[in-house]
Amino acid sequence: MAEGSIEIYESEDRRFPPPPEFAAAALTNDRSLYDEAEADYEAFWARQARELVTWSTDFDTTLEWDLPFSKWFIGGELNVSENCLDRHVDAGKGDKVAYHWEGEPGDTRTITYSELLDDVERFANVMKGLGLEKGDRVAIYMPMIPELPIAMLACTRIGVAHSVIFGGFSPDSITDRCEDAEARLVITADAGYRRGEPSALKPNVDAALSAGAPSVENVVVVDRCGTDPEMVEGRDHWWHEVMADAAADCPAEPMDSEQLLYILYTSGTTAKPKGIMHTTGGYLTQAVFTHKYVFDLKADTDVYWCAADIGWVTGHSYIVYGPLANGCTSVMYEGTPDTPRPEERGDDRASWNKDRLWDIIERYGVTQLYTAPTAIRTFMRWGPEWPAGRDLSTLRVLGTVGEPINPEAWMWYHEHIGAERCPIVDTWWQTETGGHMISPLPGVTTTKPGSGCHPIPGTFAEVVDDDGQVVTEGGGYLTLTRPWPGMLRGIWGDPERYKETYWSTYEGRYFAGDGARVDADGYIWILGRVDDVMNVSGHRISTAEVESALVDHPAVAEAAVVGATDEVTGQAIVGYVILIGSVEASDELREEVRQHVAKKLGPTARPRAVFLVPDLPKTRSGKIMRRLLRNVADGHQLGDTTTLADPGVVAAIREGAAEGDGD
Ligand code: PRX
């Protein structure tokens, strides 16, 4: 199992108990949370929901569980934007900084809770003025600028569900997502800064809307980079103009606990992305609880930085909803960590310094840093001179998310960034889970480098074998055994796919799609995906999506895609392509096919290498043997080939692979 995934090995000799000085200063973390949840997990979550979330009407039933459908905090009413903004302002914290925002070119904005509330109310009125009503859906395709959380919170204020589309996605992805959700409005920007240049967004929206998505009536555009995009009369509106005209007050509307909060599309094993649905009360409870305890938050003084993009679930839960509901101060950064401010840039990109990230931590006094293993491995490669004399002593907790972290990267993070002082929280969760599920708790858990350790209080996981039998020590498949408040409520428009994907493999269990191992001490080690989903730099991309983009090229007859092991990105996409009979193979064509995928799906999904092959290895029943292709991609021995329809094919592929170069 877990073929082709990253090997995680255990290091029994390296264990990190919570540092005593840290444990003494910890907020509330102690074992009692586990005990309480173990004794009565519904009562535990009910207490969290009442303590951490403000309800305009209290709930009467904590959980209704009609496997596989759950409802949480039934009868309760609340408003997410009120929880994130008004209640802090009402408590006298209006002047507290919500976001220290920094643009890639070095421009900064300091946004307080009351300023954020003002903008959210105004933008909610803008949306009302455009005819949006509770239950409608809105697509958001934006760079990492403050208007992005403002737009999301404004949606929650009036009960409109948002669907945030990652800014790196292509026009096709925008069309598909807008069509699937029948979005009535798209909120975007002309462009966002990335690697020193404006990266266009509005033209992608234009292309998407000319290809389809007739449900979209209006487009609101933030002028971020002054790139002067085309504006369609009657459909497109400048953000600054509609905001200037909007009324200032928009009271938060109480929402039912199970009101749809957002849809977020994620890759599964087929080419069509799944619209994961999250609702209001349960999701917020999970986000606010985990943000507080997993990062050991001291909300009054901490400066927390999640360096993810809001286009992914990590940004939803841990840049927007968790931190704001907890009333803490966050850093939000627009660009890439290796892009210096303009005055520090030379002409030659290769000579750009690697100071930006450390500079931001020092300048704002960041206390928690939350990032992905792929970023950590990139920092390691920048060389031992970084973080070059920067003072990182404000850091207290370091987090990692998105893919398995190898023990070396864990140790580097621990030693070089955390100065062996900061606990590391390796947080396993998914778009589907809404918030952390498996993670150490700082101040409580003795960590092992590379292990997610244990389910957090109130969540329950077990590793099972092929027959669904519980594995108490050894490898198997990761399952969740009880519902949790932040769990997905289904797949938008496709309840059957929801049941089939998550609940049909092991009876009564949620199957996460990941392989995992339990060690002799009961620690959980996540091994990576066991289905046809690749994990590239922590981004989920399905082999089927890339295959269908490959065969969309007119010269391609058939394609197979696998995830090869990659030192930095975890996995890298490798495509094997059979051309149609009449087409001549060439390097130019190979590159064209590769770029075609980027055009269809966005640059994140561009294969690292495409090999043009005469045939693909198949079993007698015609199934592509991905294991062989993965081995070729990894440069390994091919192993047993006797089930191949034509063993000669493998040799041909190997020759082709040896000739083909990735980049
Ligand atoms: O394979 C697991 C991996 O990322 C998948 C979830 O991806 P996504 O829905 O995009 O959400 C990413 C951010 C939560 C999981 O099925 N994954 C996530 N966190 C970890 C991880 N693998 C190992 N260790 C983790 N800490």
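Me: In which loop is the place of P387?
Reply: This is a predicted model, in which local features need pLDDT of at least 70, side-chain atom pairs count only at pLDDT 80 or more, and totals for chains, interfaces and linings use all residues. Residues are numbered from 1 along each chain as its sequence is written, and side-chain values use heavy atoms, with hydrogens and water left out. Helices (H or I, at least four residues) and strands (E, at least two) are DSSP runs, numbered from the N terminus. P387 sits in the loop between α13 (373-381) and β19 (397-401).

Me: Is the peptide bond from W386 to P387 cis or trans?
Reply: Most peptide bonds are trans. Omega from W386 to P387 is near 10°. That bond is cis.

Me: What is omega for the peptide bond from L67 to P68?
Reply: P68 lies in the loop between β1 (61-66) and β2 (69-74). The bond from L67 to P68 is cis. Its omega is near 5°.

Me: What is the phi of D228?
Reply: Most residues other than glycine have a negative phi. D228, in the loop between β11 (218-222) and β12 (236-238), has a positive value. Its phi is near 55°.

Me: At what angle do the axes of α3 and α10 cross?
Reply: Axes are lines fitted to C-alpha atoms, for helices over the stretch in contact, and angles run from 0 to 180 degrees between N-to-C directions. The axes of α3 (residues 41-52) and α10 (residues 281-294) come within 10 Å. α3 is therefore roughly perpendicular to α10 (65 to 115 degrees). The crossing angle is roughly 85°.

Me: Which residues in α10 meet α3?
Reply: Contact means heavy atoms within 4.5 Å. α3 brings F44, W45, Q48, A49 and L52. Their partners in α10 are T285, Q286, V288, F289, K292 and Y293.

Me: Which residue has a backbone N or O atom 2.8 Å from a nitrogen atom of the ligand?
Reply: A side-chain N or O atom of Q430 is 2.9 Å from an oxygen atom of the ligand. A backbone N or O atom of G402 lies 3.1 Å from a ligand nitrogen. The residue at 2.8 Å, through its backbone, is T427.

Me: How many residues surround the ligand?
Reply: A residue is near a molecule if one of its heavy atoms lies within 4 Å of it. The closest are D426, T431, D514, R529 and R540. The count around the ligand is 17.

Methods: A polar contact is a pair of N or O atoms within 3.5 Å; within protein, one must be able to donate a hydrogen and the other to accept it, and residues adjacent in sequence count only if both atoms are side-chain atoms. Angles under 35 degrees count as roughly parallel, over 145 as roughly antiparallel, 65 to 115 as roughly perpendicular and the rest as oblique.
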